[in-house]
Amino acid sequence: MLGTAGILETSRVSYTTFQFSRVAFRWWETYERHRPIGVAPLTWHQFSVVFLEKFVPQSHREELRRQFEQLRQDDMSVTRYEMRFSELARHAVWLVPTDRERIRRQRISSATFDEVVDIGRQIEMVRNQEHGEREAKRPRGPSDYSGVPSGGSILPW
């Protein structure tokens with residue numbers, strides 16, 4: 001008996017394969033026809049591996065895997081990094097098959113991948129806000145300097 005997670009997993013496969021046409025549709029029909037009767041439906045991870053092995057050349061998969069393994073946030077925004085991570089991760093499902101593995105790859109635990117991304121966005125927003133506030137307080141050039149220390153007075157009283 002499939003649990004809720006299993007139903008969702010197989011629904012993803014069904015929904016995706018329902019949209020296939022031409023070559024992909026014929027491939028999927030043949031694949032399904034050759035599966036043993038009574039075997040459990042494919043999970044999304046299993047389907048992704050089989051599909052990528054069929055339709056993405058090995059050399060391209062290796063290049064995407066290399067890019068994924070070398071991916072660093074550096075100066076990318078959290079949103080851009082998450083987009084690039086997800087884009088590459090879908091081609092490397094054997095490296096990052098689940099949200100838990102995606103989080104582990106990010107070296108953060110006990111949260112969903114989406115929660116980690118949201119936390120990262122919040123941190124980024126606060127840092128950008130703090131940076132903007134620091135910039136607003138900073139003198140802009142020699143003409144902005146009045147000779148009076150900020151917050152102080154030249155008067156002795």
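**Salt bridges and a helix contact**

E87 is partly exposed, with a relative accessible area of 34%. Keep in mind that this is a predicted model. The partner of E87 is R84, and their side chains form a salt bridge with N and O 2.4 Å apart. R84, at 19% relative accessibility, counts as buried, because the cut-off for buried is under 20%. The two residues sit 3 apart in helix α5, residues 78-89, which puts about one helical turn between R84 and E87.

How many salt bridges does a search of the whole structure find? It finds 5. Salt bridges with shared partners link E62, R65 and E69 into one network. Within it, R65 and E69 meet at 2.5 Å, N to O. They are 4 residues apart in helix α4, about one turn. R65 is partly exposed at 23%, and E69 is partly exposed at 34%.

Helix α4, residues 58-70, also holds R66 and E63, 3 residues apart. Their closest N and O atoms are 2.6 Å apart, in a salt bridge. R66 is partly exposed at 34% relative accessibility, and E63 is partly exposed at 29%.

Now the packing. Helix α2, residues 22-33, meets helix α3, residues 44-55, at about 125 degrees, with the axes 12 Å apart. That angle makes α2 oblique to α3. The crossing of α2 past α3 is right-handed. On the α2 side the contact uses V23, A24, W27, W28 and Y31, and on the α3 side F47, V50, F51, K54 and F55. By type, the contact has 9 nonpolar residues, no polar ones and 1 charged.

Terms used:
Residues are numbered from 1 along each chain as its sequence is written. This is a predicted model: local features need pLDDT of at least 70, side-chain atom pairs count only at pLDDT 80 or more; totals for chains, interfaces and linings use all residues. Side-chain values use heavy atoms; hydrogens and water are left out. Axes are lines fitted to C-alpha atoms, for helices over the stretch in contact, and angles run from 0 to 180 degrees between N-to-C directions. Angles under 35 degrees count as roughly parallel, over 145 as roughly antiparallel, 65 to 115 as roughly perpendicular and the rest as oblique. A crossing is left-handed if the near helix is turned anticlockwise from the far one by less than a right angle, and right-handed if clockwise. Contact means heavy atoms within 4.5 Å. Ala, Val, Leu, Ile, Met, Phe, Trp, Tyr, Cys and Pro count as nonpolar, Asp, Glu, Lys and Arg as charged, and the others, Gly among them, as polar. A salt bridge is a side-chain nitrogen of Lys or Arg within 4 Å of a carboxyl oxygen of Asp or Glu. Buried means under 20% relative accessible area, exposed over 50%, partly exposed in between (1.4 Å probe, protein chains only).
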